[in-house]
Structure formats: C-alpha cells, structure tokens
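This report describes selected features of one protein model. Please consult the sequence and the structure shown below while reading.

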Amino acid sequence: MRKGTKRKTSQEQVSKKTEPPPAKRTKPSKPVPEPQYFQDQRNLEDLWKETFPVGTEWDQLDTVYQFKWDFSNLENAFEEDGVLHGKKVYLFGCTEPQLVFFKGESKIVCIPVVVAVVSPFPPSDKIGINSVQRESEEIIPMKQMKMDWVPYIPLEDRDSQVDRLKSHQIFILRCTQRRSALKHLKLDRLKKYEYCLPYFYQPFKEDELEQSTEVQIIYPAEPKPVFCEFDWELDELEEFTDKLIEEEELSEDQKDAFMEFIKEKVLEAKKANREAREARKRAIVEMSEETRTAFKTMRFFKFYPVQSPDAPDVSNVKSPFINRYYGKAHEVL
C-alpha cells in the first residue's frame, strides 16, 4: 500500500512538472498622444492690453476684450524701420464706440485704440475730467485717479531685475484702481473715471479756450434751469434773451436778471481767455531750449487694430481725432 501511494504521488509531481506555465496577461498599449504645438508669444504681444483704456465705462471693459484684436501694426512700429523704432514713447489707450459689421450682423462695438506720443519726457501728469452733465471742467493730477506712467517690460525681459534693465523706451499709462473695490466708491467718484481724458498742453498752439467766444450758460431759473450757449461775438444779448422768452424757456419777469447773469459769465470767460494766453506766453519765455525743442518735435501716432478674421473690420471708421486736448494725430495706422 505504501508503495502504491508513493507511486501515485510521484505521478502527480511528474504531471505538474509537464504542465505548461500559465500565459501572462499582456497590458494593452496606451495610445501615443500627438505632439501639441504652441505658437510662440511675440515680444510686445500684450502691449495694447497693458495700456489702460482711459474714459471707458467700467461695465464696458470686458466687452473691449471680447474679440481677439490684432495690434501687430503697433508691435511692428517698434521694429527696425518702424515709426517708433529707437524712440522714447508714451502710450495710452481709449475706446471708440462704433457701428461695425461682423459675422453677418451690425452691432455697436467698443473699438480699442492706442495713442503713442513720441517725447523725451511724459507729455503730461494730469487728467482732464469733463462731460455734458458737468458744469465745469477739471484738470487734476492723474495720480488722484490712481493713474501714472509706468515702464512697459517686453516679454523677453520680464525675468530680469527691473532696475538692472537698460533705460526704458516704452512707458504706458496704467490705472491701479481695483475693479473689485468699485462698489465702495461714491457714484460721483465712479463717474469721474468715465469722463477722464488724457490731458495735454501745447504752449506753442492756441487752445480752444483762448479762441472760444462761447459761454456755457446754466441759469438757475424756476421751475427749471435754462441751458444754453451764448456767443458774445455772434449773439446780440437782448435779442438772444427775447428768443428764449418766446420759446418759453425763460419767463418775462426774469429777463433783466438773466441778462445780467450772461454779462457776468462773459466777463469771466474773457478773463479766463486772457489769463490762458498770458500763462502760455510766460511758459514759453521760462522754457529751456531743450524743452522748447521737445514740444516742437513731439509726434502723436494713433493705432487701430488691423483687419483679422477674429474681430470686426474697423478700416472704415478710423479718425485722426484723439481728444480735445491732443487734437489730431500726426499719423493714423
């Protein structure tokens, strides 16, 4: 019995030895992803976005960037043979609402515009605040509106220490007002941002104030104020007043008081014009030869986005006009 048992056991061992080993499971191979190619960023690609669009309503800012605007013309201007190559330049942004055609429909679009000022020094450290609703114009330091000229660092230099970079050639107007804090601002302060215009004073050119013979009138009449413009060279005062009475803008019993009010405003305007002329002449006399040359050679360039499939075509709405302080650009691109 023991021998039979031993025989059986040895037979089992032999059969186990002759059994083929279990087949190994093969893991399915992972698909090799196709290589991704990313377009290299251009050195000045974000320059137009970094310039604050002065005077744009806060709730419209996001709409400015809804399209992929192409400002390669601005970038190319800094290349060799470009209009801004090798020059010290100060840039500020603005927007121009225009009716444009895009993807089969017409719509009002806030078109971003960049103005480049070629100058050896900042064109101004002030901001003008004006609107139809405001009674008077304000010229204030731009820092009061949290705006200032700051160096623009091209993408290839952003890893460098700012103070180690060579002398900056590009400066941009930037606003540090945080949008998240807007809800804490008073309405009047908030509205001021919408009425801001980059200010510029050219002492070698008479401005609108010196040349104007018009007076903006807001007469506190009852039951409602009288809004009008009086031109002391073209309008005859009594005739002008009688017409307002005829149009029921002014009552007959307020005629004399209204005419005296107009006379006072005309005297104030003439005095302001005279002081502006004297200030301009004084500034020229006290100006250094270097500053005098800089003002005479200062140039303004206005850049619109170039045509691209990702944004509306703005070629038909370009204008050389910048604002009431800067006047017209020397060149529109």
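## Helix 8

The expected span of a helix is 1.5 Å times one less than its number of residues. The model discussed here is predicted. Helix 8 covers residues 255–286, so its 32 residues should span 46 Å, and the end C-alpha atoms, 47 Å apart, agree with that expectation.

The buried residues of helix 8 are Lys255, Phe258, Met259, Phe261, Ile262, Val266, Ala269, Asn273, Ala276, Arg280 and Ile284. An α-helix has 3.6 residues a turn, so residues three or four places apart point the same way.

Strand 8 runs antiparallel to strand 9 (residues 226–231), and 6 bridges join the two.

## Aromatic pairs

The structure contains 16 aromatic pairs. One of them is formed by tyrosine 199 and tyrosine 325, whose rings are arranged edge-to-face, with 4.9 Å from centre to centre and 65 degrees between the planes. Tyrosine 199 belongs to the loop between strand 7 (196–198) and helix 6 (208–211), and tyrosine 325 to the loop between strand 11 (321–323) and strand 12 (327–328); the pair therefore ties together parts that are 126 residues apart in sequence. Tyrosine 199 counts as buried because its relative accessibility is 18%, under the 20% limit. Tyrosine 325 also counts as buried, at 13% relative accessibility.

Phenylalanine 300 and tyrosine 326 form another edge-to-face pair, at 5.1 Å centre to centre and with 70 degrees between the planes. Phenylalanine 300 lies in strand 10 (residues 299–303) and tyrosine 326 in the loop between strand 11 and strand 12, so this pair ties together parts that are 26 residues apart in sequence. Phenylalanine 300 counts as buried, with 5% relative accessibility, and tyrosine 326 counts as buried at 5% as well. Phe300 and Tyr326 also belong to a cluster linked by ring pairs, together with Phe92, Phe121, Phe200 and Phe295.

## Serine 119

Serine 119 is located in the loop between strand 2 (105–118) and strand 3 (126–129). With 3% relative accessibility, serine 119 counts as buried.

A polar atom of the serine 119 side chain lies 2.5 Å from the backbone oxygen of phenylalanine 121, and Phe121 is one of the residues in the aromatic cluster. When residues up to four places away in sequence are not counted, serine 119 touches Lys88, Tyr90 and Met298.

## Asparagine 73

Asparagine 73 is part of helix 4 (residues 72–77). At 13% relative accessibility, asparagine 73 counts as buried. Neighbours within four places in sequence aside, asparagine 73 is in contact with Phe303, Tyr304, Val306 and Leu333.

Two of these contacts can be described further. The side chain of asparagine 73 has a polar atom 2.9 Å from the backbone oxygen of tyrosine 304. Asparagine 73 and valine 306 are separated by 233 residues in sequence, yet their C-alpha atoms are 6.9 Å apart in space.

Notes. Residues numbered from 1 in each chain as written. Predicted model: local features only at pLDDT ≥ 70, side-chain atom pairs only at ≥ 80, totals over all residues. Heavy atoms only, no water. Pairing = 2+ DSSP bridges. Helix = DSSP H or I, 4+ residues; strand = E, 2+ residues; numbered from the N terminus. Phe/Tyr/Trp six-rings, centres within 6.5 Å; stacked < 30°, edge-to-face > 60°. Buried < 20%, exposed > 50% of the residue type's maximum accessible area, 1.4 Å probe, protein only. Polar contact = N/O pair within 3.5 Å; in protein donor to acceptor, adjacent residues only side chain to side chain. Contact = heavy atoms within 4.5 Å.
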